[in-house]
Amino acid sequence: MLGSDVQTSLSATIDRSRLSADVQADLNRTIGEEQLSAQVTDKLNRDFTIQPGSIGKTLLAADVLNDLNRTIVITREMLPQDVQNDLNRTITLGDLDPQVVADLNDSVADGSITTNQLNEQILKYLRPEITQSPVLTKDREQVYTGQTITLSSDAEGK
C-alpha cells in the first residue's frame, strides 16, 4: 500500500549526515563505567581478570614479544656490589655442605689399596716386564762344581 518512494526511503541506510546534531552528540559521547549496569560491570570484571597463564603469546603486542625474545647479556659490572662480593669471595671449608666435607675427609689410608683394586693399565705400568730371559748354554749338563757360568736377563718397569 505504500508508494515505492516511501518504501525506498524506509529501506535506505541512514548515515550520520541524516542524523540530528543531538543524536550525533549522543553517539560520540564517552560512556564511563558509572553509566554501565551492574551486570555489565560484573561481566567485564569477571572476563578480564588475568589469571596466571591466561594470556597466550598470541594476545601480546609485537613490541612485547620482541622484548620477551630479546637476549640480554648481563656482565659483572651490571650486578649489585653485594652479588659481586659473593662471586669473588674465597670459599672455606666451613662454607661447604657437611656431606662434601665428609667426602673430602674420606681419604685413602696408606696400604689400603691392593693390586686387586687397580686396573690393568696401572698394573702393567707397575709390574716389571722381562725383555730378555736368561738362556742356559746347550752344554749345561757339563757344568762342574766351581765352574763359573754367566746368565743375563733384562726387565723394564717399576
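**Contacts, salt bridges and overall form**

Trainee: Leaving aside neighbours within four places in sequence, which residues is Leu 136 in contact with?

Mentor: This is a predicted model, in which local features need pLDDT of at least 70, side-chain atom pairs count only at pLDDT 80 or more, and totals for chains, interfaces and linings use all residues. Residues are numbered from 1 along each chain as its sequence is written, and side-chain values use heavy atoms, with hydrogens and water left out. Contact means heavy atoms within 4.5 Å, and with those sequence neighbours set aside, the residues that Leu 136 is in contact with are Ile 149 and Leu 151.

Trainee: Where does Leu 136 lie, and how much relative accessibility does Leu 136 have?

Mentor: Helices (H or I, at least four residues) and strands (E, at least two) are DSSP runs numbered from the N terminus, and Leu 136 is placed in the loop between strand E1 (129-132) and strand E2 (154-156). A residue is buried under 20% relative accessible area, exposed over 50% and partly exposed in between, with a 1.4 Å probe and protein chains only. Leu 136 therefore counts as partly exposed, its relative accessibility being 42%.

Trainee: What distance separates the C-alpha atoms of Asp 154 and Pro 128?

Mentor: Asp 154 belongs to strand E2, where this residue is in contact with Glu 129, Ile 130, Thr 131 and Gln 132, its neighbours within four places in sequence left aside. Asp 154 and Pro 128 are 26 residues apart along the chain, and the separation between their C-alpha atoms is 9.8 Å.

Trainee: Is Gln 84 buried or exposed?

Mentor: Gln 84 sits in helix H5 (residues 81-88), and, neighbours within four places in sequence aside, is in contact with Arg 76, Glu 77 and Leu 79. A polar atom of the Gln 84 side chain lies 2.9 Å from the backbone oxygen of Leu 79. Because the relative accessible area of Gln 84 is 17%, this residue is classed as buried.

Trainee: Which residues does Thr 41 touch, not counting residues up to four places away in sequence?

Mentor: Thr 41 lies in helix H3, and its relative accessible area of 16% is why Thr 41 is classed as buried. When residues up to four places away in sequence are not counted, Thr 41 touches Glu 33 and Leu 36.

Trainee: About how much accessible area do Ile 31, Leu 36, Val 40 and Leu 44 have together?

Mentor: Patches are made of residues with over 30% relative accessible area and no salt bridge, with like charges joined within 9 Å and nonpolar side chains (Val, Leu, Ile, Met, Phe, Trp, Tyr) within 5 Å. Ile 31, found in the loop between helix H2 (21-28) and helix H3 (38-47), counts as exposed at 55% relative accessibility. Accessible areas come from the Shrake-Rupley method with a 1.4 Å probe, and for residues only the protein chains shown count as cover. On this basis the four residues form a nonpolar patch on the surface, whose accessible area together is about 310 Å².

Trainee: How many salt bridges does the structure hold?

Mentor: Side chains of opposite charge can pair when their charged atoms come close, and a salt bridge is a side-chain nitrogen of Lys or Arg within 4 Å of a carboxyl oxygen of Asp or Glu. Arg 29 and Asp 26 meet in this way at 3.1 Å, N to O, and Asp 95 and Arg 89 at 3.2 Å, N to O. Glu 120 and Arg 127 meet at 3.7 Å, N to O, and the number of salt bridges that the structure holds is 3.

Trainee: What is the radius of gyration of the protein chain?

Mentor: The protein chain has 7 helices and 2 strands, in the pattern α-α-α-α-α-α-α-β-β along the sequence. The radius of gyration is taken over C-alpha atoms, and the globule rule is 2.2 Å times the number of residues to the power 0.38. For 158 residues that rule gives 15 Å, so the chain is more spread out than a compact globule, with a radius of gyration of 49 Å.

Trainee: What percentage of the residues in the protein chain is buried?

Mentor: The C-alpha atoms fill a box of roughly 155 × 50 × 35 Å along the principal axes, and the chain exposes about 15,000 Å², of which carbon and sulfur atoms supply 53%. Among the 158 residues of the protein chain, the buried share is 3%.

Key:
A polar contact is a pair of N or O atoms within 3.5 Å; within protein, one must be able to donate a hydrogen and the other to accept it, and residues adjacent in sequence count only if both atoms are side-chain atoms.
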